[in-house]
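User: I'm new to this structure and would like to learn how to read it. Could you take me through it piece by piece?
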Amino acid sequence: MPVDKQIPAPAAAAAGAIDLSWCRAEFPALELTVNGHPAAFLDGPGGTQVPQAVIEAMAAYLVKKNANTHGAFMTSRATDETIAEARAALADFLGATPAEIAFGANMTTLNFNLARAIGRTLRPGDEIVVTELDHDANVSPWLALEEQGAVIRWLPVDPETCTLDLDQLAGLLGRRTRVVAIGWASNAVGTINDVARAVRMAHDAGALAVVDAVHYAPHGPVDVRAVGCDFLLCSAYKFFGPHVGVLYGRRAAFEALATYRVRPQSPSAPEKIETGTLNHEGLAGVVAAIDFIARLGRRYLDTFRPVLGEATGRRAEILAGMHAIEAHEAPLAARLRAGLAALAGVKVYGPPEGHPRTPTVSFTVAGHHPADVARYLAERGLFVWDGDFYAVTLVERLGLAASGGLVRVGLAPYNTVAEVDRLLAAVEELARR
């Protein structure tokens, strides 16, 4: 399948490689050792490590601000301010406004809430499009609406290239299409999709567009206005924060939702979809995580100034930080893919070279179950994932469900060339057995 030329090349490619390994000093978890080996956290797609500033922000909230909301006393007012600061931080991260940012336990819970709300407007026979490439958190919430008569249309994945052909999406859209749900990037193999094009196609059909950005958001700049989606979801624990889910809703689309809520809850966005008390200490950590990305970006504002557009303040710093993260991770991932592909018995899965992708690399080793590979590497201080990573349909289409799925490696700004080379040496040693 040809590379989709409509997906813009990362600005980081033009800037050249950037070494962010200096930021390792901010992550106390990196001091861990396993059997005498320094721990290499190559498990980023399942959640990154957190900087010391995030830990301190969460602890400070619990010591000085811990209370429920909307009270007359000091700690309650401080909690209200913490929530407002978190909405503002995520608005800067996504290119939105604070009133368009909601929080929840995780992306999956928020997406079920979103699907249930949209489901209240559906009639039997209305159609929803999902893809075979997606994490199940952007599939099962929509499949659940089959119980009330919704019809699910599947956009197939090409198992040879692990890509979606958006030309096929046109054939799935019709007058009964109500939702198109698509992932920005595959958490299993790293494929980046042209979500802006998919959103335009959904809107042309009169449908809402829901984007799962959980896997993309840690690796590239997000601009919800440029993408044009109605809703976008991500998870703070994938970009240096605690376990907090995030939902962006375009203001008009958000206000139109008929959400399920307790009677005292505000009927307005964004509170209308937030069921119960939020994770306030987590939101304090979210602010610190965004500020960490902004601090990265301050060093590279001049480097990326030509691609920052009209962004100013923290938004500009965040964009520069995300471009710098791309420029650090991309060459490491290329080194990893090339090294694995050169090993006998190792098969690498993912889009063809040249197709936009995140620094997530999945592979199998002939004669070795993925779980055994992961355990072998873990004993050597190399932390990777194995299985289907909730991308269940993709792994089935790859024919790997019965054999344990894939081994997945994901890179973050704190990963280094030395860690990649350690991994390659260990996989080579295992493959020779």
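User: Let's start with a strand pair: which residue in E14 is the bridge partner of Tyr 349?

Analyst: Two strands pair if DSSP finds at least two bridges between them. Here, Tyr 349 has Ser 362 in E14 as its bridge partner. E13 and strand E14 (residues 360-365) run antiparallel and are joined by four bridges. Strand and helix names are DSSP runs numbered from the N terminus (helices are H or I with at least four residues, strands are E with at least two). This is a predicted model, where local features need pLDDT of at least 70 and side-chain atom pairs count only at pLDDT 80 or more, while totals for chains, interfaces and linings use all residues. Residues are numbered from 1 along each chain as its sequence is written, and side-chain values use heavy atoms, leaving out hydrogens and water.

User: What sheet do those strands belong to, and which are its edge strands?

Analyst: It's an open, antiparallel sheet of four strands, ordered E13-E14-E17-E16. Strand E13 (346-349) and strand E16 (385-387) are the edges, each pairing on one side only. From one strand to the next, the twist averages 30°. Helix H15 (residues 417-431) lies across E13, E14 and strand E17 (406-410), at about 15° to E14. For such angles, axes are lines fitted to C-alpha atoms, for helices over the stretch in contact, and the angle runs from 0 to 180 degrees between N-to-C directions.

User: How many strands form the sheet that contains E11, and in what order?

Analyst: Seven, in an open sheet with mixed pairing: E4-E12-E11-E10-E9-E5-E6. Strand E4 (101-104) and strand E6 (151-155) sit at the edges with a single partner strand each, so one side of each has no neighbour in the sheet. Ignoring direction, neighbouring strands here are turned by 20° against each other on average.

User: How is E11 joined to E12, parallel or antiparallel?

Analyst: Antiparallel, through five bridges to strand E12 (residues 245-249); Leu 232 stands opposite Tyr 248 there. With strand E10 (residues 208-212), E11 pairs in the parallel sense over three bridges, and Asp 212 stands opposite Leu 233.

User: Which residues lie on each side of E11?

Analyst: In a regular strand the side chains alternate between the two faces of the sheet. For E11, Phe 231, Leu 233 and Ser 235 are on one side, with Leu 232 and Cys 234 on the other, and all are buried. Buried means under 20% relative accessible area, exposed over 50%, and partly exposed in between, using a 1.4 Å probe and protein chains only. Helix H4 (residues 107-119) lies across E4, E9, E10, E11 and E12, running at about 160° to E11.

User: What about two helices: at what angle do H10 and H12 pack?

Analyst: Helix H10 (residues 280-298) and helix H12 (residues 313-341) pack at about 75°, with axes 7 Å apart. That makes H10 roughly perpendicular to H12. The ranges are under 35 degrees for roughly parallel, over 145 for roughly antiparallel, 65 to 115 for roughly perpendicular, and oblique for the rest. The residues that meet include Ile 290 and Leu 296 in H10 and Met 322 and Ile 325 in H12.

User: And what is the chain's average pLDDT?

Analyst: pLDDT is the predictor's confidence in each residue, from 0 to 100. The chain averages 96, and 96% of the residues score at least 70. Over residues 1-8, though, pLDDT is below 50; beyond near neighbours in sequence, that stretch has 20 contacts in the model (heavy atoms within 4.5 Å).
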